[in-house]
Amino acid sequence: MNAPAERRLRQQANQLPFANSFAALPPQFYTRLQPTPVPAPYLVGASSPAAELIGLDAEALGLQDAVDAFSGNAVLPGSEPLAAVYSGHQFGVWAGQLGDGRAILLGDVAADDPWPAGRIELQLKGAGMTPYSRMGDGRAVLRSSIREFLCSEAMAALGIPTSRALCVTGSDMPVMRETVETAAIVTRMAPSFIRFGSFEHWFYNERQEELKMLADYVIDRFYPALRDDPQPYRALLSEVSRRTAELMAQWQAVGFMHGVMNTDNMSILGLTIDYGPFGFMEAFDARHICNHSDHQGRYSYQMQPRIGQWNCFALAQALLPLVGEVEDAQAAVDIYKPTYDTKFEQLMHAKLGLRDTLPDDGKLFESMFALMQNNHVDFTLFFRQLGNLTLDNPQADEPLRDLFIDRPAFDAWAVQYRNRLRQENSRDEERRTGMHAVNPKYVLRNYLAQVAIDKAQNKDFSEVARLLSVLEKPFDEQPENEHYAELPPDWASTLEVSCSS
Ligand code: AMP
Ligand code: MG
């Protein structure tokens, strides 16, 4: 790189137009503090699309100035770092005060994002202790940071509402988990990181003034249209419930499991946030639990929609002093179930390439899930291959049929499915194009992340970049990356993901 080009890039991060809108709330909402530096940070991975969103070249993130800034070793001009306070229900139990124990908000910058305010917040996760660290060390390890980085960007590419990840930096500083690992910092981006638990915090502390301030902040900044509603707080609850229901339907439709749907991990904007022990469904099992620490299966795949609703009730409880009547709060959350059902059905229609909605479609979906369950068929491969099915040539179904142990059961379902397609005069080409645009070929399988992590732990970051580039185009055929779409290898079956991060 020549000197002027480098100077231009160097200026980019330093000239990010920081504002600090959250910091304009009164001081009881957060603690101002500086990130704690790490020794000799280096870049592990950077996302070009995320960088573009805030007007940076991904290349600029490789310069030492940026690495210092995004590992918390230097403070960017205009940023007023802080850690926010919140509380929450963890695994269904009131956990009291939590807060940003290792995340530090830098402030918000202009972003090419249409919703909601054209601004996005930057947050460093793993940037050192805060007053909310409790027993924690304020750090995050390389392993979980790479997982969060890759999955945030993968979900965005899948079109699912999510926080973004600008980059990951690392340091050889040792961090104690089950074994000694090394530290990393993810720079996350979202219009806001306010959680359901941010509201619960003020409700359970009986601080109605703060509760109202927070609700007003969220409405004014992110849901300004609700201001005109005769009951803005009820409208807020309803809108958040609606967004959460849609998000759950999107998770289910792509086989994403969050793993820790505690109310402190639920975004008030209906985004997927706080990636921990998440997973994408592989061999289908509706009861699958992706989080090894979740012994009861509270957050299993099949529970997610109900837990999403449970969390909306927890939010309703917290907002009750503002909403007023229990009936109104109840009515606001009532939007959840029909929204979820409608969205899920709509997504299923798209996944199966069905244009029309017919009365028996629900039964077709049910029999499909039963078939998937009995055969533990790979979720992603099944839907992708289903797009290649043709109306009149069952012989060509081999790769799809091969996914099943019980072939006759598949054949019987395929007859139903073909009949259904004929009912709307479905055309093979058109249907395949439509289905391939909604059924991803590439998702972040656990083992793919693990391969990238293993290499990164040996200072080879090339696989993080390569995998990211594959996941940025999840719906495209990428002949050179065919192996990223294959069934996981045998060794992957012993991989366990826990809350440890
Ligand atoms: P999580 O389960 O990752 O959403 O975290 C739950 C709470 O624990 C949040 O308040 C986090 O900030 C906090 N936390 C998790 N890990 C750490 C850590 N290593 N140091 C400090 N706080 C942490
Ligand atoms: Mg969390």
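**Figure 1. Helix α4 in the lining of the largest pocket.** In this predicted model, α4 gives the most to the lining of the largest pocket, with 3 residues. The helix spans 142-157, and together with strand β10 (180-190) belongs to the elements that each supply at least two residues of this lining.

**Figure 2. Centre and make-up of the largest pocket.** The volume of the largest pocket is about 880 Å³. Its lining consists of 38 residues, and those nearest the centre are Arg102, Lys125, Arg134, Cys499 and Ser501. Sorted by class, the lining of the largest pocket holds 14 polar, 12 nonpolar and 12 charged residues. Domain 1 (3-192) and domain 2 (197-346) each contribute at least three residues to the lining of the largest pocket.

**Figure 3. The second largest pocket.** This pocket has a volume of about 570 Å³. It is lined by 24 residues, with His288, Asn446, Ala492, Ser493 and Leu495 the closest to its centre. Strand β12 (279-280) and helix α16 (446-457) are the elements that give two or more residues to the lining of the second largest pocket. By class, the lining of the second largest pocket divides into 12 nonpolar, 7 polar and 5 charged residues.

**Figure 4. The magnesium site.** The magnesium ion (ligand 2) is coordinated by OD1 of Asn265 and by an OD atom of Asp274. Asn265 and Asp274 are both buried.

Terms used:
Residues are numbered from 1 along each chain as its sequence is written. Chains are lettered from A and ligands numbered from 1 in the order in which they are written. This is a predicted model: local features need pLDDT of at least 70, side-chain atom pairs count only at pLDDT 80 or more; totals for chains, interfaces and linings use all residues. Side-chain values use heavy atoms; hydrogens and water are left out. Donors are N, O and S atoms within 2.8 Å of the metal (3.2 Å for Na, K and Ca); water is not among the atoms, so sites may look incomplete. Buried means under 20% relative accessible area, exposed over 50%, partly exposed in between (1.4 Å probe, protein chains only). On a 1 Å grid over the protein atoms alone, a cavity is a set of points where a 1.4 Å probe fits but cannot get out, and a pocket is an open set with protein on both sides within 12 Å along at least five of seven lines; lining residues have an atom within 4 Å of a point. Grid points are joined across faces, edges and corners, and a volume is the space filled by probe spheres set on the points. Helices (H or I, at least four residues) and strands (E, at least two) are DSSP runs, numbered from the N terminus. Ala, Val, Leu, Ile, Met, Phe, Trp, Tyr, Cys and Pro count as nonpolar, Asp, Glu, Lys and Arg as charged, and the others, Gly among them, as polar. Domain bounds come from an automatic or database domain assignment.
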